[in-house]
Amino acid sequence: MVSYLDFEKPVAELQTRIAELRKATSDEMDLDREISDLEVKVQKLLRDTYAHLTPWQKTQVARHPERPHFHDYISALCEEFIPLAGDRLFGEDEAIIGGLARIDGQRVMIIGQEKGNDTASRLKHNFGMARPEGYRKAIRLMKLADRFGLPVITLVDTSGAFPGIDAEERGQAEAIARSTETCLSLGVPLISVIVGEGGSGGAIAIAAANRLLMFEHAVYSVISPEGCASILWRDAGKASDAATAMKLTATDLYGLGIVDRIVLEPVGGAHRDPKTAIDALKMALLQELAFLKPMDRDALRSMRRKKFLDIGG
């Protein structure tokens, strides 16, 4: 059963009515036509609603608990995945997962944040908020890929790096900076995808890429709307206003030259049809890999450097 967001209440009412009609049994009533008409109305309402989402509504969609997570992408994108754990310095961080994979027969290193999909897994993966060892693991895996000439794909879905005292004690800021530096220095193709929520340094640490892709209803920003509203107006309740001002949607960021490609989602968001969303991402990734693989190491580094120096220019 789909969890409905606040702005989807009209859709929820129609779906409830459809469910009631399907349970009804009567020889004197032909309900198939009415159900069919209501299903058409639901699809039209979803199309109209999702075609005019506000930035704050897109933020809610990007955070939807049923949106595909890293494990879902791995299962559908890759024919083979060999996880690699640990940063060889402190320990394992379950918020960032990575390993060797094959996508349509092509060998890659794939790394991403996993938020979890129930209470136990969310606690295990710390809601996708990595500690320093998570970013140091990402560094280790990116350098391993660089050594063996493997393209790197990163899937970003985090509200930000973990802000706890233990993370700060182990050098959170330094780990994020080193991870960003490693992204920029790679001599192999690096493709990053904002699949849900891309928050602050926790996102850019694995997203300083040659090509940055973003799902249609994902968001990417230097801070959460609630955090921005708390700083500017001392009122987290103004998150909607902050989201509009922050230009955090895929359309906004594509217009600013930060995002290179928008991956379209099924009607009603990726959580309603994960397979279609992941298939669209797979096609986009294969096209980007074909574009980048012929480039030599210096060209890839120069491309990445120019991309980021041109932002805001």
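Reader: Which residues line the largest cavity?

Author: In this predicted model, the lining of the largest cavity consists of T59, R63, S159, E197, G198, G199, V219, S221, I223, S224 and P225.

Reader: What is the volume of the largest cavity?

Author: The volume of the largest cavity is about 50 Å³. The count of cavities of 30 Å³ or more comes to one.

Reader: And which strand gives the most to that lining?

Author: Strand 5 does, with three residues. Strand 5 spans 190–199, and strand 7 spans 219–221; each supplies at least two residues of the lining.

Reader: How many lining residues are nonpolar, polar and charged?

Author: The lining of the largest cavity has six polar residues, three nonpolar residues and two charged residues.

Reader: Let me change topic. What domains does the assignment give for the protein chain?

Author: The assignment gives domain 1, covering 6–52, and domain 2, covering 58–310. Seven residues from domain 1 and eight residues from domain 2 take part in the contact.

Reader: What area is buried between domain 1 and domain 2?

Author: About 630 Å² is buried between the two domains, and carbon and sulfur atoms give 62% of that area. On the domain 1 side, F7, L46 and Y50 supply 66% of the area buried against domain 2, more than any other three residues.

Reader: How many salt bridges are found across the interface?

Author: The rule finds one salt bridge across the interface of domain 1 and domain 2. A salt bridge joins the side chains of R272 and E8, with an N to O distance of 2.8 Å.

Reader: One last point: what distance separates the centres of the domains?

Author: Taken over C-alpha atoms, the centres of domain 1 and domain 2 are separated by 36 Å.

How values were computed. Residues are numbered from 1 along each chain as its sequence is written. This is a predicted model: local features need pLDDT of at least 70, side-chain atom pairs count only at pLDDT 80 or more; totals for chains, interfaces and linings use all residues. Side-chain values use heavy atoms; hydrogens and water are left out. On a 1 Å grid over the protein atoms alone, a cavity is a set of points where a 1.4 Å probe fits but cannot get out, and a pocket is an open set with protein on both sides within 12 Å along at least five of seven lines; lining residues have an atom within 4 Å of a point. Grid points are joined across faces, edges and corners, and a volume is the space filled by probe spheres set on the points. Helices (H or I, at least four residues) and strands (E, at least two) are DSSP runs, numbered from the N terminus. Ala, Val, Leu, Ile, Met, Phe, Trp, Tyr, Cys and Pro count as nonpolar, Asp, Glu, Lys and Arg as charged, and the others, Gly among them, as polar. Domain bounds come from an automatic or database domain assignment. Contact means heavy atoms within 4.5 Å. Buried area is the accessible area (1.4 Å probe) that two parts lose on being put together, summed over both. A salt bridge is a side-chain nitrogen of Lys or Arg within 4 Å of a carboxyl oxygen of Asp or Glu.
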